[in-house]
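Me: I have a model open and would like to learn how to read it. Can you walk me through it?

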Amino acid sequence: MELTLWTYEGPPHVGAMRIAASMEGVHYVLHAPQGDTYADLLFTMIERRDRRPPVTYTTFQARDLGGDTAELVKSSIAAAVERFQPEALLVGESCTAELIQDQPGSLAATMDLGGIPVVSLELPAYSKKENWGGAETLYQLVRGLLKAQVPPPGEPKPDPTRWRAEGRRPRVNLLGPSLLGFRCRDDVREISQLLAGYGIDVAVVAPLGARPADLMRIPTADANVSLYPELAGPVCSWLERSFGMQMVKTVPIGIGATAAFLRELHGVLGLELPAELETAADGTCAAERRSRLPWYSRSVDSTYLTGKRVFIFGDATHAIAAARIASRELGFKVVGLGSYSREQAREVRAAAQELGLEALISDDYLAVEAAMAEAAPELVLGTQMERHSAKRLGIPCAVISSPLHVQDVPARTSPQMGWEGANVIFDSWVHPLMMGLEEHLIGMFRHDFEFVDGHLSHLEGASAPAKHPTATATATAPAPASIPGDGVIVWSPDGEAELAKIPFFVRGKVRKNTEAYAREQGLALIDSEALYEAKAHFAP
Amino acid sequence: MGASSVIGDMTTGLAEQPPLQLFKESGQREVFCGLTSIVWLHRRMPDAFFLVVGSRTCAHLVQSAAGVMIFAEPRFGTAILGERDLAGLADANDELDRLVKDLLERRPEIRTLFLVGSCPSEVIKLDLAKAAERLNTQLAGRVMVLNYSGSGIETTFTQGEDQALLAMVPLMPSSEVDQLLIVGTLADAVEDRLVQLFGRLGIPVVTSLPPRRSTELPPIGPGTRVLLAQPFLSATARALVSRGGQLLTAPYPFGVEGSRAWMAAGAAAFGVAPALVAEVLDPLVERGQRAIAPHRELLAGKRLFLLPDSQLELSLARFLQRECGMELVEVGTPYLDRQLLDAELALLPPGTRITEGQDVERQLERVRAERPDLVVCGLGLANPLEAEGIATKWSIELVFSPIHGCDQAGDLAELFARSLRRRAALSFS
């Protein structure tokens with residue numbers, strides 16, 4: 001038993017929902033009690049999806065437990081197949097259904113569902129979490145759809161350079177992008193364009209936007225790109241083992257990683273390395289000029305970024321990438337690195353060790369907040385959880401990883417990967433900090449009376465914690481309202497008390513309106529009654 | 001799956017009018033479970049902690065329903081059951097004791113700890129009543145430990161509050177004192193206002209359940225008139241009656257009509273002269289109507305479909321139909337407690353279609369077929385319906401916003417008018 005206040009990851013069946021909701025033509029029947037439908041709002045609200053996730057819940061209640069919940073599972077499956085006509089069906093259970101052991105997958109296997117592929121998901125809810133569940137679901141789905149295509153053991157592995165002999169362009173799959181993943185939509189677009197520039201086609205993107213028939217085409221590609229190892233790791237490994245498909249492991253976030261990714265890809269596909277990707281004597285390559293980050297980072301205004309202390313926490317992929325970019329490409333000093341992805345803890349530890357740090361592997365946000373406070377950073381790169389912690393500590397923060405908030409799904413194209421992703425990263429990490437000249441000037445004018453304490457930047461994210469006005473001062477004497485020339489209107493204690501209950505951010509407006517109303521009505525005293533009168537008066 | 005049947009007619013007071021149409025439906029229910037109530041209960045009682053004993057799903061649900069993480073350390077959390085706890089209940093009890101001890105050491109300001117049962121804890125039959133008893137002995141009065149179930153297999157959404165209040169009833173001191181007890185969480189400002197108004201009606205002692213401080217429970221006894229501020233407190237109401245309280249029946253205090261009738265019921269129970277009631281309340285009613293008027297202009301004649309969610313649906317339907325002039329297409333409700341909702345049912349227009357329970361796919365088919373002007377629904381359904389061109393008002397806002405009383409009637413109408421007003425305000429040509 002462990003105490004959890006806020007969690008980084010949901011249960012594993014939410015990972016399965018991410019796969020189903022990312023795809024087209026897939027439906028997920030989830031044996032789950034009433035209430036588990038809450039997960040729909042993650043997709044319809046955070047991702048602003050215009051349709052419900054393709055999930056049918058059995059929503060059993062206590063009275064069903066005495067009866068036949070297995071029958072409920074079967075009728076739910078039959079109804080879902082009839083209504084949604086899926087091209088593939090996922091069947092699974094949430095934590096409570098796991099305990100009652102109806103085994104929905106086995107039940108589905110006994111049903112005549114018109115021959116659609118059915119994948120039974122066993123996602124242990126009491127030991128695993130969301131990303132694991134997503135990875136397992138993608139793996140089971142791909143495996144289920146491709147098992148008839150697996151070449152017999154001993155057959156020679158396909159040559160990733162066979163595209164040449166076949167007289168076509170090389171092609172790869174982009175695996176791992178999903179809903180509720182960080183900027184996946186835009187990364188896919190950026191990487192697809194990047195590859196097109198080198199004459200490489202994208203065969204299948206999955207799960208985002210893929211249909212089951214697309215998954216069946218996975219083996220037609222020459223290699224797989226594990227774009228998000230948290231979700232794509234297991235399926236890429238299986239495709240490597242079963243189909244001999246090579247996996248490109250470098251995640252192209254940041255300048256160095258994007259160049260390394262392209263070099264790895266060219267190597268795997270047997271493509272000649274273009275001159276612009278060759279490393280020059282100074283370690284750069286010509287291609288990196290496609291991004292503004294290297295020059296912006298070298299430009300004089302960025303001098304002030306040198307040695308800025310940065311604390312990094314997120315999923316493994318984004319945390320490791322952020323550490324590399326921060327330390328090498330922006331000249332920050334990484335003072336803390338960690339991840340909640342226990343499955344990738346080894347990689348995070350290695351990245352931390354390179355920076356002379358010990359990685360924090362934890363899903364306890366209070367431990368992360370404590371480590372953050374201890375490290376005293378000037379910038380936090382984290383998830384929405386760290387954004388809140390950083391806000392409390394008064395430290396600027398940029399979000400680099402799931403879990404997401406609705407604001408992490410921006411309207412504009414805003415990738416993290418590739419050259420444009422590096423541009424986005426430069427802007428979004430540097431803007432929360434004071435700009436160079438600005439910092440200098442503030443230091444100079446700090447003692448002038450106009451200087452407002454806590455001023456850090458033009459961005460609200462960097463402002464000091466708000467000092468909420470308190471009601472203590474209002475309880476004593478009636479406060480005269482300042483109305484020049486027109487006599488004095490007085491607030492009665494109960495009027496002030498009523499006013500104090502109004503949220504602080506609209507209190508000023510309410511005070512002004514009420515005084516205007518009192519003047520209009522010729523009232524000398526504003527009591528709670530007058531406040532409500534004014535409220536009704538100003539109702540739109 | 002999915003069944004729908006007419007289960008009966010209800011005569012409205014007027015015999016010649018067609019009765020309400022009452023349907024019962026079963027199938028997939030798109031509703032929250034009772035754990036969700038923690039989101040507003042913990043704000044009402046800042047000295048209480050709500051510890052869900054459940055799974056990662058429970059933690060994720062409460063977090064997602066709360067929307068944003070605004071608290072450094074929230075006064076709610078989940079004791080997540082692990083495989084070891086499932087293997088042996090003895091271990092689970094030890095683990096729970098250890099975890100509670102750690103938690104209370106960390107949060108010394110906590111006076112009341114609610115152990116909240118969940119679907120998994122109910123299914124494995126982890127006895128939280130016994131756990132509470134055991135912990136109370138260990139803690140020796142320093143912290144009061146209570147338990148209730150907010151599990152989805154037993155409760156929907158607002159029923160969680162009913163169960164939490166029910167758990168507090170046995171601790172209420174017995175007293176014969178004449179008092180009006182308002183039951184159900186209200187925003188503090190709204191509560192102050194209602195207490196003040198009851199004061200003007202000459203009712204001197206007005207108390208609340210839940211109280212603002214968990215340790216300051218109101219008394220209960222034969223002198224207590226129980227006035228429910230929320231229509232979802234069935235079990236609590238019964239328990240208060242069994243402790244001697246007298247349950248008043250009235251429409252609920254939404255809109256000026258409901259609020260007036262609700263306050264008048266409280267006044268009548270104390271023999272307040274109708275003339276005084278009129279003197280105090282009628283100006284409020286008149287003012288409230290003025291506040292509603294601009295919204296009524298927009299809402300009148302518009303067709304409304306309420307999906308089952310917060311259990312406020314019948315009261316809201318009554319308000320929106322009678323005071324805002326809306327036409328009711330269908331009124332869904334998670335469950336129907338006729339004893340508590342009699343007064344509301346009597347005010348609904350004849351022929352109103354009421355659906356108890358849910359088969360969400362079939363209900364959405366009816367929504368699409370009817371093309372209502374406004375649908376009240378949960379957050380999981382709102383954007384998909386908007387994308388189909390159907391205006392929505394998401395219902396969770398109704399349990400977080402101050403909407404009770406005559407003074408809030410305009411605000412309540414505005415919540416519904418806003419959706420339509422916004423649609424009209426947008427133009428991309």
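**A helix and an interface**

Reply: Start with a cap: B:Ser55 caps the N-terminal end of helix 2 of chain B, with a side-chain oxygen 3.2 Å from the backbone nitrogen of B:Thr57. Helices here are DSSP runs of H or I, at least four residues, and strands are runs of E, at least two, numbered from the N terminus. This is a predicted model, where local features need pLDDT of at least 70, side-chain atom pairs count only at pLDDT 80 or more, and totals for chains, interfaces and linings use all residues. Residues are numbered from 1 along each chain as its sequence is written, chains are lettered from A and ligands numbered from 1 in the order in which they are written, and side-chain values use heavy atoms, leaving out hydrogens and water.

Me: Is helix 2 of chain B buried or exposed?

Reply: Buried means under 20% relative accessible area, exposed over 50%, partly exposed in between (1.4 Å probe, protein chains only). In helix 2 (residues 56-66) of chain B, ten of eleven residues are buried, including B:Cys58 and B:Leu61.

Me: How many residues of chain B are in contact with chain A?

Reply: Contact means heavy atoms within 4.5 Å. On that rule, 77 residues of chain B touch 68 residues of chain A.

Definitions and conventions
Polar contact = N/O pair within 3.5 Å; in protein donor to acceptor, adjacent residues only side chain to side chain.
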